[in-house]
Amino acid sequence: MVEVLSAEEILATLDENGELDNLPFMPEMLRYCGRRLTVHKVANKLCDTISSTGMRRMRDAVHLAGTRCDGSAHGGCQTACLLYWKTAWVRKVDGPPTPEPDRVSPERPLLPILEVNTRKEPGPGGEERFRCQATELLRAAPELLPFRNVGQYVTDIRVGNAGIGPTLRTIFFGLFNRYQRLSRKFPRRLRIKDGLAWGFVQPGPHTGPAPTGTTGLQPGELVRIKSKDEIVATLTTKGYNRGGSASRRTWRAPADAPPGSPPGWNAASTRRPA
């Protein structure tokens, strides 16, 4: 159990960019100041979703249970990213977690510097561009963490992020996928499912833009995830639909799920149940 420091205490740790060790403290995080929360995971590594370089090492950070960005200071972004908390922004305490207050007042001493630093220079066409933890992760975690680094798996088990079984499965999937990539150069008889990565998702048929969904979904509606074959039919030859990929987690999702349930879905992958 930890308590998030007050806005004034956190301000003392930030530089002129509203960052600590290149990790921004965002306006959406102010609502948690002073609250007691449970540590969900030790944030010792992350996946590079910006340039696809693999895993990166994060230092001195944790994820707190129930803390996600609501996008209110970033144009209403709906990604709901899990927030990173530097250990300098929390303190260990005893006792139960505190519930979220009915009304949260903005912390005025910290708000101006945070709001200014949520924006980047406008794009070439003058479009508004935002800056957040997700866009700055490569600066906050500059160190590459190669698959062969055994220490990362020991750390996962030691800090309680994962058990031995899930960790061994992660290593197996990594080794298997590496063999699959190599096997694409082998004779067909030496390949497993033609060298596809685990999950064995065939590439889609579209060489141009993938189809979009026009289901007009609203928050709270129940949807049924389409079958694997139907989803593959919406993908490009590289396995994407407008930037979203269909991974092995996709096929493990329940058939009926409310919009916004992880993993993320676009409308082309869902339908309203009959």
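**Surface patch and ring cluster**

Author: This is a predicted model. Tyr 179, Leu 182, Phe 186, Leu 190 and Ile 192 make a nonpolar surface patch of about 430 Å².

Reader: Where is Leu 190 found?

Author: Leu 190 is in the loop between helix H5 (164-183) and strand S12 (223-225).

Reader: And why does Leu 190 count as partly exposed?

Author: Because its relative accessibility is 43%.

Reader: Switching to H5. How many residues does H5 have, and what does it reach from first C-alpha to last?

Author: H5 has 20 residues and reaches 28 Å. That is close to the 28 Å expected at 1.5 Å a residue.

Reader: Which residues of H5 are buried?

Author: Thr 167, Phe 173, Gly 174, Phe 176, Asn 177, Gln 180 and Ser 183. Phe 176 counts as buried because its relative accessibility is 12%.

Reader: Now the rings. How many aromatic pairs does the structure hold?

Author: The structure holds 12 aromatic pairs. One of them is Phe 176 with Trp 198: the ring centres are 5.3 Å apart and the planes are at 90°, so this pair is edge-to-face. The pair links distant parts of the chain, with Phe 176 in helix H5 and Trp 198 in the loop between H5 and S12, 22 residues apart.

Reader: What about Phe 176 and Phe 200?

Author: Phe 176 and Phe 200 also form an edge-to-face aromatic pair, at 6.0 Å centre to centre and 85° between the planes. Phe 176 lies in helix H5 and Phe 200 in the loop between H5 and S12, so the pair ties together parts that are 24 residues apart in sequence.

Reader: Which residues do the ring pairs link into a cluster?

Author: Phe 172, Phe 173, Phe 176, Trp 198 and Phe 200.

Reader: Last topic, charges. What sits over the ring of Phe 200?

Author: The charged end of Lys 193, 5.5 Å from the ring centre.

Reader: And which ring face does Arg 178 lie over?

Author: Arg 178 lies over the face of Phe 147, at 4.0 Å from the ring centre.

Methods. Residues numbered from 1 in each chain as written. Predicted model: local features only at pLDDT ≥ 70, side-chain atom pairs only at ≥ 80, totals over all residues. Heavy atoms only, no water. Patch = residues over 30% accessible without salt bridge, like charges linked within 9 Å, V, L, I, M, F, W, Y side chains within 5 Å. Areas by Shrake-Rupley, 256 points an atom, 1.4 Å probe, with all protein chains shown as cover. Salt bridge = Lys/Arg side-chain N within 4 Å of Asp/Glu carboxyl O. Helix = DSSP H or I, 4+ residues; strand = E, 2+ residues; numbered from the N terminus. Buried < 20%, exposed > 50% of the residue type's maximum accessible area, 1.4 Å probe, protein only. Phe/Tyr/Trp six-rings, centres within 6.5 Å; stacked < 30°, edge-to-face > 60°. Lys NZ or Arg CZ within 6 Å of the ring centre and 35° of its normal. Expected span 1.5 Å × (residues − 1).
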